[in-house]
Amino acid sequence: MNVVIRTATIDDMPEVLQLIQELAVYEKEPDAVKITAEDLKAYGFGKHSRFHCFVAEAHSEVVGMALVYERFSTWNGPVLHLEDLVVSERMRGQGIGAALLDEVVAYGHQLGVKRITWVVLNWNVPAIDFYKSRGAVIDSEWDSVSLDEDGIKNYLSKL
């Protein structure tokens with residue numbers, strides 16, 4: 001099968017959103033996706049784009065994606081964060097995820113980042129094994145911390 005990894009275009013965002021929704025179902029959060037294709041278009045392709053996205057295309061269909069954005073580490077300098085790497089369930093096991101990760105790593109190297117980071121659910125053994133096989137280090141010492149939109153509002157209301 002011929003798969004092409006390329007930079008996503010604004011016209012790919014509906015298919016990217018479908019992959020994000022597929023990932024949410026896989027991660028047992030089917031109702032968690034609030035973003036729309038229009039949001040992705042605005043955030044990714046406006047004057048100040050907030051992310052870079054790669055897609056995997058097979059037979060003129062988007063079957064995978066990797067979405068990244070730049071961060072900064074006070075200890076190390078520039079960092080690339082991989083927010084999501086998704087391959088459509090029907091296309092898994094064909095090397096598409098590896099090709100997307102290869103592209104992300106090459107992109108990070110091109111940017112001159114000092115580290116590439118991402119998170120993986122601790123029960124997602126296939127993903128953990130895949131990342132480990134590529135030399136990634138799974139650091140279970142750190143806990144993920146966040147405030148959602150309501151949490152931000154609640155926090156600010158107490159100031």
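Student: In which helix is Glu15 found?
Tutor: This is a predicted model, so local features need pLDDT of at least 70 and side-chain atom pairs count only at pLDDT 80 or more, while totals for chains, interfaces and linings use all residues. Residues are numbered from 1 along each chain as its sequence is written, and side-chain values use heavy atoms, with hydrogens and water left out. Helices (H or I, at least four residues) and strands (E, at least two) are DSSP runs numbered from the N terminus. By that numbering, Glu15 is found in helix H1.

Student: Is Glu15 buried, partly exposed or exposed?
Tutor: Buried means under 20% relative accessible area, exposed means over 50%, and partly exposed is in between (1.4 Å probe, protein chains only). Because its relative accessibility is 29%, Glu15 counts as partly exposed.

Student: How far is Glu15 from Val55, C-alpha to C-alpha?
Tutor: Along the chain, Glu15 and Val55 are 40 residues apart.

Student: What is the distance between the end C-alpha atoms of helix H1?
Tutor: Helix H1 has 14 residues, 13-26. The expected span of a helix is 1.5 Å times one less than its number of residues. For H1 this gives 20 Å, and the model agrees, with its end C-alpha atoms apart by 20 Å.

Student: Within what arc do the buried residues of H1 fall?
Tutor: The buried residues in H1 are Met13, Val16, Leu17, Leu19, Ile20, Leu23 and Ala24. The arc is that of the directions from the helix axis to the C-beta atoms. Seen down the axis of H1, the buried residues line one face of the helix, because their arc is within 160°.

Student: Which residues are exposed on the other side of H1?
Tutor: The buried residues of H1 pack against helix H2 (37-45) and strands S2 (52-58), S3 (61-73) and S4 (77-87), where contact means heavy atoms within 4.5 Å. On the other side of H1, the exposed residues are Gln18 and Val25.

Student: What is the phi of Lys28?
Tutor: Lys28 follows H1 and is found in the loop between H1 and H2. With a relative accessible area of 61%, Lys28 is exposed. Most residues other than glycine have a negative phi. Lys28 is not a glycine, yet its phi is positive, about 65°.

Student: Where does His59, another residue with a positive phi, lie?
Tutor: The phi of His59, which is not a glycine, is near 55°. His59 is exposed, with a relative accessible area of 67%. The site of His59 is the loop between S2 and S3.

Student: How many salt bridges are there?
Tutor: A salt bridge is a side-chain nitrogen of Lys or Arg within 4 Å of a carboxyl oxygen of Asp or Glu. By this rule, the count of salt bridges is six.

Student: How many residues apart in sequence are the parts tied together by Glu22 and Arg92?
Tutor: The side chains of Glu22 and Arg92 meet in a salt bridge (3.9 Å, N to O). Glu22 lies in helix H1 and Arg92 in the loop between S4 and H3, so the pair ties together parts whose separation in sequence, in residues, is 70.

Student: Which helix holds both Glu149 and Lys153?
Tutor: The side chains of Glu149 and Lys153 meet in a salt bridge (3.9 Å, N to O). Glu149 is exposed at 58% relative accessible area, and Lys153 counts as exposed at 53%. The two are four residues apart, about one turn of the helix, and both lie in H5.

Student: Is Asp12 buried or exposed?
Tutor: Asp12 and Arg6 meet through their side chains in a salt bridge (2.7 Å, N to O). Asp12 has 7% relative accessibility, so it counts as buried.

Student: With which residues is Met91 in contact, leaving aside its neighbours within four places in sequence?
Tutor: Met91 lies in the loop between S4 and helix H3 (96-111). At 10% relative accessibility, Met91 counts as buried. Leaving those neighbours aside, the residues in contact with Met91 are Met1, Ala58, Val63 and Ile96.
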